[in-house]
Amino acid sequence: MSALAGYLQATIEASLSDDDKKLWAELSPLIAANGLEASLLAKPPSATLEAAIVAKTAELIAQREREIVTEVFNKTRTLRFTKLLKHLLKPTTGVPVITTNYDRLIEISAEEAGLGVDTLFVGQFAGHLNEQESRLSFCREVSLKGKNVQYRYRQRVNVFKPHGSLDWYYREGKPVSYAGDLPLPRLIITPGLNKFRNGYDSPFDRHRERANGAIDKASRFLVLGYGFNDDHLETHLTPRIKSGIPTLLLTHTLSDNALKLARDHANVIAIQHVSVAGKDGSSVFVDKTEFFVPDLALWDLGAFISEVLEP
């Protein structure tokens, strides 16, 4: 979020109307002092300024995504999530993954791990939102056992993106998925008060409902780099964690909300970066007690995989 704030501060003003430049002049010092999301909540942007923020956000994320995808394509980089998927149980209904990010790195990670990816969209050009058709596209065999029909599906990851995706656009008033870059607004929800309102539009609403449904059914949670500050998910996720669902939380810096969960609930194991007496390491919360592990970046998914999951 801080990198996005810096990018907006450096680039957005040139594309604004005179009225929006005045509004941005009021927002800019607030963002510098309080951060992007808090400032947009305190002083909501106009519709045109919000559109400019969306465009600049998509521009930055797409640029960063392109750099990473190029490395993955050239086999000079393996994404951490690709390594993680090899160690996860894979239910026949698919591995549910919820991300508030806009990039396609989860989808790429899954394909690099040899898995299918169900995004609820069907089609390569202007793909349409159709959950049933998307799910059935992974069916590999249908058999009859007695009077029961059984389906065998390809192993896959079900990706739910309640804040949108870089490959989502509107076409004739309907959401579509197209992987290429178009000179059109992308369907992403940026921070601020409008985030909650826009979350009830298609396809955000269906992805949010599926995400919350997966949260409600989960028997355990692995949470990576999430701050527990999102209204779209918090009505389901935090109560489930507080109810006793085993939870592993890995992040560089625990937010205040995440830190409270780790300190108050024994079912939460949380790991973050910390430096003690000049020595870097990991702060590990187990059974509401904090431990310092020097020299190991266990909060980093790659280090966690190599140190804990791999022999």
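**Buried polar side chains, a parallel sheet and its helices**

The side chain of asparagine 267 reaches the backbone oxygen of isoleucine 241 at 2.8 Å, and that of isoleucine 245 at 2.7 Å; a polar contact is a pair of N or O atoms within 3.5 Å, where within protein one must be able to donate a hydrogen and the other to accept it, and residues adjacent in sequence count only if both atoms are side-chain atoms. The model is predicted, so that local features need pLDDT of at least 70 and side-chain atom pairs count only at pLDDT 80 or more, whereas totals for chains, interfaces and linings use all residues. Residues are numbered from 1 along each chain as its sequence is written, and side-chain values use heavy atoms, with hydrogens and water left out.

Asparagine 267 is located in the loop between α11 (256-264) and β12 (268-276), helices (H or I, at least four residues) and strands (E, at least two) being DSSP runs numbered from the N terminus. With a relative accessible area of 19%, asparagine 267 is buried (under 20%, with exposed over 50% and partly exposed in between; 1.4 Å probe, protein chains only). Beyond its neighbours within four places in sequence, asparagine 267 is in contact (heavy atoms within 4.5 Å) with Ile241, Gly244, Ile245, Pro246 and Thr247.

Lysine 161, in the loop between β7 (156-160) and β8 (168-171), is likewise buried, at a relative accessible area of 2%. Its side chain reaches the backbone oxygen of aspartate 103 at 2.6 Å and makes a polar contact with the side chain of serine 165 at 2.9 Å. When residues up to four places away in sequence are not counted, the residues touched by lysine 161 include Tyr102, Asp103, Trp168 and His207.

Three strands form an open parallel sheet in the order β1-β7-β2, two strands being paired if DSSP finds at least two bridges between them. Because β1 (95-98) and β2 (116-118) each have a single partner strand, they stand at the edges, and one side of each is left without a neighbour in the sheet. Between β2 and β7 the parallel pairing extends over three bridges, and aspartate 118 has asparagine 158 in β7 as its bridge partner.

Helix α9 lies across β1 and β7, running at about 120° to β7; axes are lines fitted to C-alpha atoms, for helices over the stretch in contact, and angles run from 0 to 180 degrees between N-to-C directions.
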